Amino acid sequence: MVSPRPAVQALPAYRPGRNPADLAREIGVDRAVKLASNEVAFPPLPAVVQALAAAAGETNRYPDNGAVVLTRALADRYGVDPARVVPGCGAVTLCQQLAQAYNDPGTSLAFAWRSFEMYPLLAQVAGARAVQVPLTPGRPGGPADTHDLEALAAAIDDTTRLVFVCNPNNPTGTAVRRAELERFLDAVPAGTLVVLDEAYREFVTDPDVPDGLEIMGGRPNVAVLRTFSKAWGLAGLRVGYLIAEDPAVADAVRRTNVPFSVSMLAQAAAVAALASEDEVRERCAAVVAERDRLTAALRERGLDVADSQANFVWLPVGEQAAPLAAALEARAVITRPFAGEGVRVTVGAPDEDDVFLAALDDVRSAAPVS
Ligand SMILES: Cc1ncc(COP(=O)(O)O)c(C=O)c1O
């Protein structure tokens with residue numbers, strides 16, 4: 001038998017999330033609600049559907065490997081040189097490209113934990129050491145749900161090539177503020193690249209949470225990662241982008257691109273979505289209003305829910321996470337449990353969230369969840 005690399009053998013087996021149609025069939029209901037993947041509940045933007053229809057007629061050709069039109073559209077939107085912009089096959093692929101570009105075996109990659117579940121896997125595949133810095137309570141007596149940037153800075157050593165700061169943090173929804181992030185960036189050595197993973201940036205409403213693109217100004221060892229999967233509604237098409245302060249960082253990431261991995265449809269859809277930004281902003285405002293309603297409803301039920309700056313809320317229920325998610329699933333609601341820690345619930349459409357709240361009430365009336 002041909003053996004995979006030990007690092008690959010040690011990776012967790014891929015476990016697909018529940019499909020709502022399958023779950024509904026299995027438990028004999030008309031509809032199951034999926035609040036597990038932080039997608040938006042709105043259908044694709046009309047301009048995106050049109051662009052996809054037009055691009056579909058071209059798909060006998062390869063896509064533009066340089067994604068020139070999309071790169072230029074992003075550069076124009078953010079007022080940066082196109083040399084600093086790298087579109088990718090989803091932000092997650094750009095994470096992989098970053099690790100490939102910067103992490104030789106024996107180096108390290110640092111990040112807070114719990115955070116985006118891909119970060120430790122990137123390190124593992126690269127043969128790098130994952131330095132995981134525990135989250136800290138964001139409010140007195142609260143659960144550990146917030147970046148501890150002082151500890152993260154202290155964990156960086158001369159092997160650390162890459163640091164991910166997920167802001168707002170997935171899955172806890174908390175965000176770091178301007179002053180602490182600036183202090184952190186000041187403390188990071190020039191030879192360590194800090195990637196501000198802003199997959200949920202468009203849902204941020206706290207004015208004190210900095211825009212990564214602004215805060216990286218004048219800091220050549222900082223880059224920002226964003227995605228079209230969440231606010232822009234293109235999760236099914238796989239497209240994200242990196243904007244680096246230093247074009248040399250963008251160049252390194254571009255070199256690790258899997259050729260043609262940003263499909264023609266993804267490129268066309270992203271360009272159309274950028275041209276529909278007003279509509280996207282309206283949708284985000286609706287998500288934020290619903291986030292507030294959901295947060296208030298959970299707090300009324302006595303649950304300790306932090307303010308979220310993303311399109312999901314975090315229930316820090318500890319050991320009850322897996323049983324709670326299973327009980328919700330039995331009631332046709334799919335959430336994302338992190339065993340022993342908490343349950344992440346995507347902000348859905350109001351009717352979906354009502355289904356979730358009713359299921360939660362039903363579960364709790366059977367066995368209280370604190
Ligand atoms: C923090 C964070 N970064 C990156 C990604 C990846 O997004 P994409 O769909 O663009 O690969 C996600 C997706 O869930 C995420 O939560």
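In this predicted model, the second largest pocket is lined by 13 residues. Nearest its centre lie Gly138, Thr146, Thr174, Arg177 and Asp307. Sorted by class, the lining comprises six charged, four polar and three nonpolar residues, and the volume of this pocket is about 250 Å³.

Helix 4, spanning residues 68-78, and helix 11, spanning residues 264-274, have axes that come within 9 Å and cross at roughly 25°. Because angles under 35 degrees count as roughly parallel, helix 4 is roughly parallel to helix 11. The crossing of these two helices is left-handed. On the side of helix 4, the contact is made by Val69, Leu70, Ala73, Leu74 and Arg77, which meet Gln267, Ala270, Val271 and Leu274 of helix 11.

Most peptide bonds are trans, and most residues other than glycine have a negative phi. One joins Trp113 and Arg114, with omega at about 10°; Arg114 sits in the loop between strand 3 (108-113) and helix 6 (118-126). Another runs from Asn170 to Pro171, with omega near 20°, and Pro171 belongs to the loop between strand 7 (160-166) and helix 8 (178-187). Phe260, although not a glycine, has a positive phi of about 65°. This phenylalanine is found in the loop that lies between helix 10 (247-255) and helix 11, the helix whose contact with helix 4 was described above.

Definitions and conventions. Residues numbered from 1 in each chain as written. Predicted model: local features only at pLDDT ≥ 70, side-chain atom pairs only at ≥ 80, totals over all residues. Heavy atoms only, no water. Axes fitted to C-alpha atoms, helices over the stretch in contact; angles between N-to-C directions. Helix = DSSP H or I, 4+ residues; strand = E, 2+ residues; numbered from the N terminus. Parallel < 35°, antiparallel > 145°, perpendicular 65-115°, else oblique. Left-handed = near helix turned anticlockwise from the far one by under 90°. Contact = heavy atoms within 4.5 Å. 1 Å grid on protein atoms, 1.4 Å probe; cavity = no way out; pocket = protein on both sides within 12 Å on 5 of 7 lines; lining within 4 Å. Points joined across faces, edges and corners; volume = space filled by probe spheres on them. Nonpolar A, V, L, I, M, F, W, Y, C, P; charged D, E, K, R; others polar.
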